[in-house]
Amino acid sequence: MYHSKLDHFPDGFLWGAASAAYQVEGAFDTDGKGPSVWDDFAHHSGKTFKGTNGNVAVDHYHHYKQDIALMAEQGLKAYRFSVAWSRIIPDGEGEINQAGLDFYIRLVDELIAHNIEAILTLYHWDLPLALQEKYNGWESRQTIQAFIKYCRVLFEALGEKVKYWITFNEQNVFTAMGYRWEAHPPIVSDLKRMYAANHMINLANAEAIQLFHQMVHNGKIGPSFGYGPTYSLNSRPDNILAALNGHEINNRWWMDIYCKGSYPKFAYKQLKELGIAPEVTEADRALLKSAKPDFLGINYYHGGTMQENRIENISEQGQKAKEFSAIDPYLMQPKEEQSQAPEIPMFESVSNPYLETTAWGWEIDPVGFRVALREIYAEYDLPIFITENGLGAFDTVEEDGSIQDDDRIQYLNNHILEMRKALTDGVELIGYCAWSFTDLLSWLNGYKKRYGFVYVNRDDDSEKDLARIPKKSFYWYQDLINQNGLNVTEKI
Ligand code: BG6
């Protein structure tokens, strides 16, 4: 679809930026906070870059006023953050820790005082450790009940003040990383357990949505999903079919549950035959069908390209793709291990010959963003809130103290342009949160993979003085917000 003129973003479009508790807050044991699985994992597993952890992170817990003042200066209309469950209920299910709750009440009040809409994520991966140890975390229905108790506390405390709520952040990523690739807690490699835990989280998501609709009358709630379009390498029919399989396993497995309340049929049959499909009771089915999100949060970084999986005879393209050794959370089959994943002989992920990559090997694909938005809106017919999109890069402070992050400006401009085209196509959009506002801890890549509009003076080895320095992109986005995105008209 070509448009000679692009639509304007609607008045009230929520231009924002995002973060997550473990990645920014620090204060890991302050004011009665209990440990989360990430506190434990980052300290003991040897799996994070140079052993980096979120003990101090960028100390947003103590700098939140300064950070919000900067958000206001930039003109942000929305700020997406997550709540650390173990601040509110230190052991996950018992006593409420008022001091922890008060922190988020102060944070939200400060945002409101600056006319910034608070977007609250209930779960961004930091499960209270006690629930993991006592119940095996998300493998147990008891954790669902604990989650619902925690949600109730927040709905009561902040239901009047926060309009947009996110249930789970990137369920596809944290289940695959935690239960398949042993790269996140609980460091498991077992597909049956992964699909079973994932099913519990689906139920928790549905119950939380139901409770929200009973308790909060002026709010909206939905999950945030890490969506990537799945391309076929070429027009070879076998590869088209492979891309269809990839779409069903990577996207629809979650999106269908959220929006239609049922698992996609072909993938479910495949998993059942392999003995790894989740067990779904009649009561589960009824619950899943009854809970509908009000909007879809979408995190977009990139998609994937697929061809027929020749497990025994990996193609030259497949070999080339192995050059990227890092696990890519957005591909259910990390490239270097896919030939060893015989349980899903449905597709093989390959590099896309048309796309460049970031320094961490993530494909840069702004048009894929438009494709994603179109697919989602056509299939699920719900308003979309972009809850993450951004570029992880090495940023350096110049001699004059400035940070010239032109690559980030280019990345954001080109993605926002495609979003504007999707809007012009007819996709209903609520807002856009860039990832991230300040620099923060990248779960596995430490502090040098930076995403922020605001540089934070710390590195992997030292917390330094944690000074905040707006980057060039800070002022670029300030201008964009001022013009409600009208200056985004061309690819740069
Ligand atoms: C998303 C997460 O997966 O991508 C964020 O929701 C994360 O928490 C972001 O930081 C970027 O990932 P990474 O691995 O580059 O930090």
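This is a predicted model: local features need pLDDT of at least 70, side-chain atom pairs count only at pLDDT 80 or more; totals for chains, interfaces and linings use all residues.
Which residues of α5 are buried? Residues are numbered from 1 along each chain as its sequence is written, and side-chain values use heavy atoms, with hydrogens and water left out.

In α5, the buried residues are G100, L101, F103, Y104, L107, V108, E110 and L111. Buried here means under 20% relative accessible area, exposed means over 50%, and partly exposed lies in between, with a 1.4 Å probe and protein chains only. Helices (H or I, at least four residues) and strands (E, at least two) are DSSP runs numbered from the N terminus. The cover over the buried residues of α5 includes α1 (21-24), α3 (60-74), β2 (78-82), α4 (85-88), β3 (117-123) and α7 (141-158), where contact means heavy atoms within 4.5 Å. The length of α5 (residues 98-113) can be checked too: at 1.5 Å a residue, its 16 residues should span 22 Å, and its end C-alpha atoms are 22 Å apart, which agrees. The expected span is 1.5 Å times one less than the number of residues. After α5 comes N115, with a positive phi near 60 degrees.

Now for the barrel. It is closed, has 8 strands in parallel pairing, and runs β1-β2-β3-β4-β5-β7-β10-β11. On average, neighbouring strands of this sheet are turned by 25 degrees against each other, direction ignored. Two strands count as paired if DSSP finds at least two bridges between them; β5 (residues 220-226) and β7 (residues 296-299) have 3, in the parallel sense, and S224 stands opposite G297 in β7. Across β4 (164-169) and β5 lies helix α9 (residues 191-215), running at about 165 degrees to β4. Such angles run from 0 to 180 degrees between N-to-C directions, with axes fitted to C-alpha atoms, for helices over the stretch in contact.

The largest nonpolar core holds 162 residues, of which W138, F147, M419 and Y432 touch the most other members. Helix α9 gives the most to this core, with 13 residues. A nonpolar core is a set of buried Ala, Val, Leu, Ile, Met, Phe, Trp, Tyr and Cys residues joined through side-chain atoms within 4.5 Å. Not counting residues up to four places away in sequence, F147 touches W85, L122, Y123, W138, F168, A204 and A208.

There is also an open sheet of 3 strands, in the order β6-β8-β9, with mixed pairing. Its edge strands, β6 and β9, each pair on one side only. Strand β6 (residues 230-232) runs parallel to β8, joined by 3 bridges, and S232 stands opposite M306 in β8. With β9 (residues 348-350), β8 pairs in the antiparallel sense over 3 bridges; here T305 stands opposite V350. From β8 (residues 304-307), G304 and M306 point one way and T305 and Q307 the other, and all are buried. Helix α10 (residues 237-260) lies across β6 and β8, at about 170 degrees to β6.

Finally, a look at K449, in the loop between β11 (429-435) and β12 (454-456). K449 is buried, with a relative accessible area of 3%.

As for confidence, the mean pLDDT (the predictor's confidence in each residue, from 0 to 100) of the chain is 93, and 93% of its residues reach 70 or more. Over residues 320-327, the pLDDT is below 50.
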